[in-house]
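Please walk me through this structure, starting from the place where the two chains meet and then moving into each chain.

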Amino acid sequence: MRGLAEIYLQQFKTGVASMLQYRATLVIWLIGNILEPLIYLVVWSTVSRSTGGSIGGYEARDFAAYYIVLMLVNQVTFTWVMYEFEYRIREGLFSAVLLHPVHPIHADIAENLSSKVVSLPFVVAAAAGLSAIFHPAFNITLSMAAAFVPALVLAFLVRFLVDWTVALAAFWTTRVSAINQIHFMAVLFFSGQIAPLTVLPRPLQVVATILPFRWMIGFPVELVLGRLTPAQVLTGFAAQAAWLGAAAVVLRFAWRVSVKKYSAVGA
Amino acid sequence: METAPAIRVRDLKKTYLVSEREPGLRAALASLVRRPKSEVRAVDGISFDLAPGEIVGFLGPNGAGKTTTLKMLSGLLHPTAGELSVVSYVPWKRDKAFLRQITLVMGQRNQLVWDIPAADSFELNRAIYRLPPADFRRTLDELIALLELEPLLTKPVRNLSLGERMKCEIAAALLHRPGVVFLDEPTIGLDVTMQRRIRAFIADYNRRNGATVLLTSHYMADVEALCKRVIVIHQGKLLFDGELASLVQRFTAHKTIVVQLKDCAADLRAYGEVVSCEDGRLTLRVPKTETARVTAQLLADLPVIDLTVADPPIEEVIERVFAQEAA
């Protein structure tokens with residue numbers, strides 16, 4: 001355990017150092033992560049104002065609150081492992097990874113966290129700025145805030161394991177960008193990013209509840225904004241735990257098969 | 001009792017399946033439906049042993065199967081058939097204890113994180129290999145001294161020159177003091193001074209740690225300086241396994257005579273095979289047994305300014321080995 005903690009610490013430091021080397025990239029990436037929810041915020045606020053009231057239980061100020069929190073949650077749970085995998089396979093960097101006596105996912109998690117730490121202050125500042133402009137309706141209770149923390153951690157883990165598993169596609173095909181595109185569309189649609197799920201038609205809501213994506217982003221947002229009943233909160237935690245377990249099992253299996261494939265063809 | 005070999009390879013095979021496609025649009029469309037596959041035998045039944053502490057040169061032309069073999073030995077590739085054991089482990093199982101005992105240096109971008117100084121990558125490897133800080137420090141100081149890394153440690157890796165980066169790569173790959181070292185072209189693209197330094201370092205590492213080293217190189221100077229024994233493969237098959245000296249003996253029935261004349265006007269084909277002639281500097285290849293006779297005759301018949309007799313360069317010997325196999 002101590003050995004692993006040491007790896008996380010070193011990888012974390014390395015990640016921070018690498019991030020700081022690329023200030024311009026960091027800024028562009030941040031702008032993207034802030035702009036996307038901002039666009040949805042503006043669109044939905046405008047729509048709700050022009051219909052003269054609320055859509056799916058959201059008024060203009062609720063949309064503001066929803067998207068500002070979503071921006072923070074997305075920032076915490078976001079990964080780019082698909083691009084990393086594609087790059088590693090293309091550049092033949094995986095061999096070095098496979099020669100290390102440690103599972104590569106640890107390095108990826110640590111690196112992801114390091115970049116989050118570097119960018120978090122900026123996103124928090126952006127959230128404060130947007131709050132000043134859009135006057136969001138926050139009614140956050142202490143108990144919801146307390147429940148939000150584990151929900152966010154679970155959301156991060158579920159999203160990381162799912163993304164990492166999908167990224168393994170890079171071992172099988174050279175055209176991973178198509179797969180990534182589909183995955184991103186699914187996340188965008190079913191996670192509550194493009195719209196809060198209660199705004200979507202009923203059948204889509206049901207689908208979203210079954211799929212893992214809502215539990216990676218939408219659930220913690222709805223939870224902290226007090227939009228869920230205690231029963232729904234418990235169901236949400238159960239869904240997160242179930243998806244985490246399922247993703248871990250699938251990842252283990254998929255990793256083994258992918259490495260076997262890699263060592264058969266020798267990319 | 002004989003000691004167990006560090007590396008044991010028996011009838012090792014690796015076959016790749018590759019898709020084939022004719023050029024042209026029609027073939028491109030056809031390939032949407034059906035892709036004919038063909039087998040490529042990259043390694044085709046080779047066997048050898050390496051004793052602990054041995055340095056062996058692994059030679060062969062491009063595509064001979066050298067890298068494939070090294071990848072199988074280090075556990076990156078699963079053999080199609082055959083037996084393989086490295087320090088008593090089956091490499092492809094990639095046991096953590098196995099991975100701690102080996103290293104593979106391949107190409108220019110492996111161990112080091114591109115954007116940060118090499119010193120930080122070394123720290124990362126310390127954590128990955130769980131090296132006790134004192135051991136790590138000692139090994140690192142040694143590597144820094146031997147490879148003269150001191151001025152490079154604080155520069156981001158991407159700002160290093162090719163040779164500087166290679167030195168850092170080698171250091172990173174050896175921090176955990178592996179007992180088995182696979183080196184794939186460790187000196188490629190480096191200038192002569194740097195090549196010599198890396199060569200000296202490899203010899204030194206082998207001496208100090210009793211490490212078993214298998215190395216491929218296109219520079220015969222590397223092989224001549226480091227390896228008593230060479231293994232030559234060609235088209236996946238073992239051509240030669242033995243002392244470098246006997247490789248030269250066995251595959252060269254010729255000597256090279258270089259004669260300095262005034263110009264290249266004279267026709268010397270009667271004396272032997274004319275390899276080249278530049279500014280009167282003429283290179284002849286003659287059968288070994290004929291050397292004395294031809295030399296005497298040249299000196300008698302022609303206004304020779306200078307004359308030397310030599311074994312052909314080792315590159316040429318190797319080239320002949322492959323040519324002979326192909327014929």
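Two residues are taken to be in contact if their C-beta atoms, placed from the backbone, lie within 7 Å. The model is a predicted one. With that cut-off, helix 1 of chain A meets helix 4 of chain B through A:Glu6, A:Ile7, A:Gln10, A:Gln11, A:Thr14 and A:Ala17 on one side and B:Asp120, B:Glu123, B:Leu124, B:Ala127 and B:Ile128 on the other. Sorted by class, this helix contact has five nonpolar, three polar and three charged residues.

Two packed helices are described by the angle between their axes and the distance between the axes. For helix 1 (residues 2-21) of chain A and helix 4 of chain B, the axes come within 8 Å and cross at roughly 160°. Angles over 145 degrees count as roughly antiparallel, so helix 1 of chain A is roughly antiparallel to helix 4 of chain B. The crossing of helix 1 of chain A past helix 4 of chain B is left-handed.

In total, 28 residues of chain B are in contact with 22 residues of chain A. On the chain B side, at least two residues each come from helix 2 (66-73), helix 3 (96-99), strand 5 (102-106) and helix 4 (118-128). Helix 4 of chain B gives the most, with five residues. The side of chain B that touches chain A is made up of 14 nonpolar, five polar and nine charged residues.

Helix 3 (residues 60-77) and helix 6 (residues 104-134) of chain A pack at an angle of about 175°, and their axes are 10 Å apart. At that angle, helix 3 of chain A is roughly antiparallel to helix 6 of chain A. From helix 3 of chain A, the residues in this contact are A:Ala64, A:Ile68, A:Met71, A:Leu72, A:Gln75 and A:Val76. They meet A:Lys116, A:Ser119, A:Leu120, A:Val123, A:Ala127, A:Leu130, A:Ser131 and A:Phe134 in helix 6 of chain A. By class, the contact of helix 3 with helix 6 of chain A divides into 10 nonpolar, three polar and one charged.

Chain B as a whole has 11 helices and 13 strands. Its C-alpha atoms fill a box of roughly 75 × 60 × 55 Å along the principal axes. Of the 327 residues in chain B, 39% are buried. Among contacts in chain B with a separation of 6 or more, 70% are between residues 24 or more positions apart.

Which residues touch the most other members of the largest nonpolar core? In this core of 78 residues, they are B:Val56, B:Ile170, B:Ala171, B:Leu175, B:Phe182, B:Val213 and B:Val230. Helix 6 (residues 162-174) of chain B supplies the largest share of the core, seven residues. Apart from this core lies another, of 57 residues, with A:Ala155, A:Val158, A:Ala170 and A:Val224 among them. Returning to B:Phe182, its contacts beyond four places in sequence are B:Leu70, B:Leu73, B:Ser74, B:Ile102, B:Thr103, B:Leu104 and B:Leu214.

B:Arg130, in the loop between helix 4 and helix 5 (133-147) of chain B, has a positive phi of about 50° although it is not a glycine. B:Arg130 is partly exposed, because 17 other C-beta atoms lie within 10 Å. B:Arg177 has a positive phi of about 45° and is not a glycine either. The place of B:Arg177 is the loop between helix 6 and strand 6 (180-184) of chain B. Beyond four places in sequence, B:Val259 is in contact with B:Leu282, B:Leu284, B:Leu298, B:Val304 and B:Leu307. B:Pro303 lies in the loop between helix 10 (291-301) and strand 13 (306-310) of chain B. With 8 other C-beta atoms within 10 Å, B:Pro303 is exposed. B:Pro303 touches B:Leu261 and B:Lys262, leaving out residues up to four places away. B:Pro303 and B:Leu261 are 42 residues apart in sequence and 6.7 Å apart from C-alpha to C-alpha.

Note on methods:
Residues numbered from 1 in each chain as written. Chains lettered and ligands numbered in written order. Predicted model: local features only at pLDDT ≥ 70, side-chain atom pairs only at ≥ 80, totals over all residues. Helix = DSSP H or I, 4+ residues; strand = E, 2+ residues; numbered from the N terminus. Nonpolar A, V, L, I, M, F, W, Y, C, P; charged D, E, K, R; others polar. Core = buried A, V, L, I, M, F, W, Y, C linked by C-beta atoms within 7 Å. Buried ≥ 20, exposed ≤ 12 C-beta atoms within 10 Å, placed from the backbone. Axes fitted to C-alpha atoms, helices over the stretch in contact; angles between N-to-C directions. Parallel < 35°, antiparallel > 145°, perpendicular 65-115°, else oblique. Left-handed = near helix turned anticlockwise from the far one by under 90°.
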